[in-house]
Structures are given as C-alpha cells and as structure tokens.
Amino acid sequence: MNLDARVKAVEDAFVQRFHARPEFIVRAPGRVNLIGEHTDYNEGFVFPTAIDREMIVAASPNGTNSISAYSLDYDETTDFLLDKIEKSAINSWADYLRGVLNILQKRNFKLRGFNAVLAGNVPQGAGLSSSAAYEVAIVTLCNVMNNLSISGKDSALIAQQAENEFVGMQCGIMDQFISALGQEDAALMIDCRSLDYRAVPLNLSEHGCSIVITNSGVRRGLVDSEYNARRAECSEGVKLLSKLTGRALNSLRDIGLDEFEKHTGSLPNKVVQRCRHVISENERVLAAVSALESSDLATFGRLMNESHDSLRGDFEVSCRELDVLVRLSQGHPGVMGARMTGAGFGGCTVAIMSNDAIDGFRKTVIPEYEKQTGKKAEVYVCASTAGAQLLNSVTA
Ligand code: GLA
C-alpha cells in the first residue's frame, strides 16, 4: 500500500471510531543508517537517511484531559488521563505514546487531550527504528495540535528522552534525529556532539543505484543488555584513556586513531576492541561522506564493508546470519558495499547496489542465504524520504 492509501486507511478508521474527520494527520519515518554505527552515544558521527516506512497518526483534540488512542496494527485501544500517566506494561505499544506525553509535560508543555488512530509499517525489531518513528510522530502531533513551536532538534531530544527515561532503552540520538529532520534523497551527516548536521544529496539514481535493505529474519535479541554493556565498555575506555594520555577526555571523539594505538598495550583487550571500532568508525564516516560528495561510490561501498568488519570483529554486535547475508551481498556483482545496520544482534543489512543487480540479488543471494541459515529474508528497495511532517494536505 502506498502512503496515500495508508493515510486513507488511518483516516477511515478514525472516522469510524470517533465519528468525525481527524483535524491532524502526521507521519514520521523509520531510518536506515548507511555508516556510523554505535558512534552516536560516543559523541561521534553518523550518516542515516529517513526511509519510506513510517508511523502515521490521525488525531483531533477531544476537549477533555484524556487520551483515547487506537492502534490499527494491534487492534487495541488505550485510554488514560494526561495528569496520570503510568507505564502500562513491558513492551506495550502504548508506552511510546505515554512516554512522549509524559516527557512533554515534564518539560512544562501544556497539552490538550485528544483522540487518535495510529498505524505503522516500519518492521519492528528489525533495526529500522520503528520506535523512534512512533515517538517522533507523537511529538510532531502534539507540536502542531498545541502550537508549541518545538524545533526539529528539540523534537528529537524529547523523543529520545521518552525512550531513555520512560521506555527504558538507553539509545543515542541518531534514530530520533533522522526521523525528525530527514530530507528527501539525502542522508544527514550528524555530529552527535554538537548536533550540527548537514544534508548530503545521495544522487543514487544518477549512478543507476539504490539502497537495498534486507531483513535477515532474525529479530534483534539481547539488544538492551548488550547495548548497555557496549556503552559501559566505551565509557570505561574514556576513563582509562584519560589517565593514560593525561588529558581529561570527554568521549572517544577526543582521541584519534594514531594516539589511541600508542596506548592499546595498557588497556584490557575488550576495551581496545570497542574503542578501536568507535574511533575508526568516526574516520570512516568522514571518509564516506567525502567519497559520496565526489561521486565515488566505490570508495563509499568499500568503507561500508570495512564498517561491517569492525562491527563484527571489534564491536561484536553482528551475528552469524548477518555475517552470511553481508558476505553473500558483498560477493554479488553490482553491489558497491554492504553491512549490518542499526544496533545489531539481528535485524537488517543495508547495501548500495546497481539497479541491474537487484533482480539477481533476489534470485540468488536470498535463496542461498535461506539455504545456509534456514531463515526467511525480506528485501526492500527503499526510497530516501523527508523527516516528520504534517500531512493534512495529502487528504484535504
Ligand atoms: C540503535 C540506537 C541508536 C544507535 C544505534 C547503533 O539504533 O537507538 O541510538 O546507537 O543503535 O548505531
């Protein structure tokens, strides 16, 4: 179903449930990260693009202090009062909604109660940021409904705070940032220390290429505990390197690869591996962005491959299935580069490949992957889209 048809389905469900047309319809996209993994919470660089998979919310103020929201995906309703927001249950879809409203109110924004219908098509647990899309959609909705004048950056920060404090996942800023601020046919080079960013045109069609996402069919497991463990190991690295260099480092952003290599002999092995990934990945992002700006897709692809090696070998967040899929993808003619994308431990790979190669990819790489792993993979040729937006004009 295309976006217009999905918006119409959400709008129809709203009319059926609440007997009037919704005053506001917003969308917020998922994302795919092209390069720069596990760097955001280390104050480093990332290079994601927003994709044509999104959360859509249709809503109208209801003149009360309460929220009534219906999820089309779960066929479930949640009702609660704005002044009594509690976490509902572990992993309930409603917690993202509750979390964002809770944080907005903590930040002293005055909210009106509303009725809403929600529907998303970002695959869940696939590393494409379905939760960030959901959170950013709710911030965007509240922003327009209450005239709050929240900037795109603040929308991202509020959504991240909801994920960190209410949902309880200690994610960095990348996913919410790209969902809020993405631009069509561009990836954002985000400096996660200053939150400065720059849109870099992808121009892939000029090269006859596309972004191809493949869902490995392995639902991300272990992600919370292992993610937090990696964060802790990186912080440990910062502490130890501060001592060794005699400089008070704020983050792994404050040390280059050459200086770091001088101290590896005095650091625990795991810490060396984690730090080496982050420090080298930052350098790869800078090199990849400049390759893209010089239309050098071959170098961009090579850096994607190197990023995967580093995530597998040093950061240890890949898994057997992702490695098989990446190896087969990299070996397919017409593929510039391929890597796992997102937090890891399952989820998706991302590849840049020539349009001519896509058919063969589906016909040879996917069956071979399924043969080697017993898992069903899903291929998705994605478009790079704008970030969160009010869509009323689509249906007006
Ligand atoms: C998850 C987190 C992001 C980022 C990536 C890894 O998607 O939500 O903040 O850390 O993992 O790059």
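User: How much space lies in the second largest pocket?

Analyst: Please keep in mind that this is a predicted model. As a general idea, rolling a probe the size of a water molecule over the atoms shows where empty space is left. In this case, the second largest pocket holds about 190 Å³ of space. Its lining consists of 16 residues, and those closest to the centre of the pocket are Leu3, Arg27, Asp52, Glu54 and Thr385.

User: Which elements each supply at least two residues of the lining of the second largest pocket?

Analyst: They are helix H1 (3-18) and strand S2 (45-61). The largest share comes from S2, with 3 residues. Sorted by class, the lining of this pocket has 6 charged, 5 polar and 5 nonpolar residues.

User: How many cavities of 30 Å³ or more does the structure hold, and which residues line the largest cavity?

Analyst: A cavity differs from a pocket in that the probe fits inside but cannot get out. The structure holds 1 cavity of 30 Å³ or more, and the volume of the largest cavity is about 70 Å³. Its lining is made up of Arg53, Pro123, Leu128, Ile213, Thr214, Asn215, Cys348, Glu378, Val379 and Tyr380. Two or more of the lining residues come from strand S8 (209-215), and likewise from strand S11 (378-382). By class, this lining divides into 6 nonpolar, 2 polar and 2 charged residues.

User: Let us turn to the ligand. Which residues are around the ligand?

Analyst: The residues around the ligand are Arg31, Glu37, His38, Asp40, Tyr41, Cys171, Gly172, Met174, Asp175, Tyr227 and Ala343. This shell has 5 nonpolar, 2 polar and 4 charged residues.

User: Where do polar side-chain atoms of Asp40 and Asp175 lie relative to oxygen atoms of the ligand?

Analyst: For Asp40, a polar side-chain atom lies 2.5 Å from an oxygen atom of the ligand. For Asp175, the corresponding distance to a ligand oxygen atom is 2.6 Å. Gly172 takes part through its backbone: an N or O atom there lies 2.8 Å from an oxygen atom of the ligand. On its own the ligand has 310 Å² of accessible area, of which the protein covers 96%.

User: Finally, how many salt bridges are counted, and what does the pair of Arg21 and Glu11 tie together?

Analyst: Side chains of opposite charge can pair when their charged atoms come close. Here the count comes to 26 salt bridges. In one of them, the side chains of Arg21 and Glu11 meet at 3.3 Å, N to O. Arg21 lies in the loop between H1 and strand S1 (24-35), while Glu11 lies in helix H1, so the pair ties together parts that are 10 residues apart in sequence.

Definitions and conventions:
Residues are numbered from 1 along each chain as its sequence is written. This is a predicted model: local features need pLDDT of at least 70, side-chain atom pairs count only at pLDDT 80 or more; totals for chains, interfaces and linings use all residues. Side-chain values use heavy atoms; hydrogens and water are left out. A residue is near a molecule or strand if one of its heavy atoms lies within 4 Å of it. A polar contact is a pair of N or O atoms within 3.5 Å; within protein, one must be able to donate a hydrogen and the other to accept it, and residues adjacent in sequence count only if both atoms are side-chain atoms. Accessible areas come from the Shrake-Rupley method with a 1.4 Å probe; for residues, only the protein chains shown count as cover. Ala, Val, Leu, Ile, Met, Phe, Trp, Tyr, Cys and Pro count as nonpolar, Asp, Glu, Lys and Arg as charged, and the others, Gly among them, as polar. On a 1 Å grid over the protein atoms alone, a cavity is a set of points where a 1.4 Å probe fits but cannot get out, and a pocket is an open set with protein on both sides within 12 Å along at least five of seven lines; lining residues have an atom within 4 Å of a point. Grid points are joined across faces, edges and corners, and a volume is the space filled by probe spheres set on the points. Helices (H or I, at least four residues) and strands (E, at least two) are DSSP runs, numbered from the N terminus. A salt bridge is a side-chain nitrogen of Lys or Arg within 4 Å of a carboxyl oxygen of Asp or Glu.
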